[in-house]
Amino acid sequence: MLYKLIFIAIILFVNTLTYAMQMKAYSLENGIILYTNIPYYLEDDKRILKIVANGKKKTRIFFIIETILMIILAIFYDSISAMILDTLIVMLLYPFIFQKDIDEMRKFKMDNVKNKKRTKLIDFDLIEEKDRFVVKKSYYLIAIAIYIISIAIGVFSNNDYPKLMWIFLGLLLMLSDLFVDKILMKGAIVTYTDDSKKNILLNEKIAKKQARVLYGKILIDSILFLLLVVTNIFYLFSIMGFVIYILGIIFVISFTYYKYYKLRNSPILDNIDRTNLDNDVEYYNAWGYDNPDDNRLVVKRYYGVGSDINIGRTSGKIYYGVTIIILVVLMIFTSYIAKTPMKYDYNLENGAITIRSNQFYKDTVDVDDINEVNLLDKFPEGKVIRTGGNEFEKTSTGNYSIQNYGKVRLYIYKDTDKVIELKTNGKTILFNDNSNEKTKLLYDKVYQFVNENN
């Protein structure tokens, strides 16, 4: 149930953040609303207020209904599948609602502007200088060092988690941080005026401040990972470390979004004249950035934190399509894993006992390595921590640690009380069958097989 609650919290957090980003699109800032440059003399028009009010209402209803449905799916079906489906719905369905408001706003503008020959500007000289605005790699050395130290502590400390888990988790988080920061900065350039030199200067000033925000993010992320490792070493059977890490990450993401977005409305932009100038915001639509004349694949996301794909390019369309396909495949796969009943198979032959599940896990134990075979009336008492494996409603499979008992490998039907304890030179395996009667029969076979082959 804890894992379901975690994924439900993630769905709520992501949807709340996405909703907040969309609400920004309905706010007039720097003469821009709904990806549309609005002349100053139209900013207070009642028809704009009507488009905005209707759009906000539709967006609010969509996210409330969609979030409720995903939470219901997470509770009664599968939480991971619900989270992936949530992403797919927001990516594929909501843009149709959003685009209708964009089209309506642009039609209103073109019907009412005084100068029909407004300039839609994209500064290619500015694009050529985009590498000047990327965060220097040296900024990340301290954060990378903390990640490496954290991994080393996890690997060389005497804890019940697999060594490879700390390596995999640490590298995954570190590389994800570096990748996200690179994406956030890579497309973060904006055409503010028809003067390339001024555009470069403005972007450089803002980019330096954004770089400090992103550096602070990865530095705090690395420290949070260090705390996660340390608390799980000294307080293995407490969720304190995990809770601190999750709350810390949520705060960091929220604060980064706030600061990063706030810099987009820097006071240095207040005196820019856009009377007859439409910047590249009007190349955006509900699905992303659509400009076949721009050679960039990744560009700044105008509303919110992150980047958009240039779907005006063939490579952008392919990237977008592949992303959808990957999400669909992941959803089908996780749904299959979650809902395919876990079954265990036991094979006793050639002087060895083989235990395998129908989902990835397998152990083969030579009889000569077996020290004890016991039939327990119930599962060992103590708090159980999953250090690597699958935990479903009816079964527990993989690597676990039991308080006051130690490391174990489980192949357990939870509705069965009796458990077979197999102690070897290298590990302890606990397994059973799907009823107490079958478990007793299995124990008799294992016990006899061990005695006959010793």
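The legends below describe close-up views of a predicted model.

Local features require pLDDT of at least 70 and side-chain atom pairs count only at pLDDT 80 or more, whereas totals for chains, interfaces and linings use all residues. Residues are numbered from 1 along each chain as its sequence is written, and side-chain values use heavy atoms, with hydrogens and water left out.

View 1. Helices (H or I, at least four residues) and strands (E, at least two) are DSSP runs, numbered from the N terminus. Of the 454 residues in the chain, 48% are buried, a term that stands for under 20% relative accessible area with a 1.4 Å probe, protein chains only. Among contacts (heavy atoms within 4.5 Å) with a separation of 6 or more, 66% link residues 24 or more positions apart.

**View 2. The largest nonpolar core, with 35 residues.** Such a core is a set of buried Ala, Val, Leu, Ile, Met, Phe, Trp, Tyr and Cys residues joined through side-chain atoms within 4.5 Å. Leu34, Tyr35, Phe98 and Met105 have the most contacts inside this core. Helix H1 (2–25), strand S1 (32–33), helix H2 (46–76), helix H3 (79–92) and helix H4 each supply at least two of its residues, and the largest share, 7 residues, comes from H2. Neighbours within four places in sequence aside, Leu34 is in contact with Ala25, Tyr26, Ile51, Phe98, Asp101, Ile102, Met105 and Tyr303.

**View 3. Helix H4, residues 94–112.** The end C-alpha atoms of this 19-residue helix are 28 Å apart, which agrees with the 27 Å that it should span at 1.5 Å a residue, the expected span being 1.5 Å times one less than the number of residues. The buried residues of H4 include Phe98, Asp101, Ile102 and Met105. An α-helix has 3.6 residues a turn, so residues three or four places apart point the same way.

**View 4. An open sheet of 6 strands, in the order S12-S16-S17-S15-S14-S13, with mixed pairing.** Two strands pair if DSSP finds at least two bridges between them. Strands S12 (370–376) and S13 (384–391) stand at the edges with a single partner strand each, so one side of each is left without a neighbour in the sheet. From one strand to the next, the twist averages 20°.

**View 5. Strands S16 (residues 419–424) and S17 (residues 428–431), which run antiparallel and are joined by 4 bridges.** Leu422 stands opposite Ile429 in S17.

Notes: Axes are lines fitted to C-alpha atoms, for helices over the stretch in contact, and angles run from 0 to 180 degrees between N-to-C directions. Buried means under 20% relative accessible area, exposed over 50%, partly exposed in between (1.4 Å probe, protein chains only).
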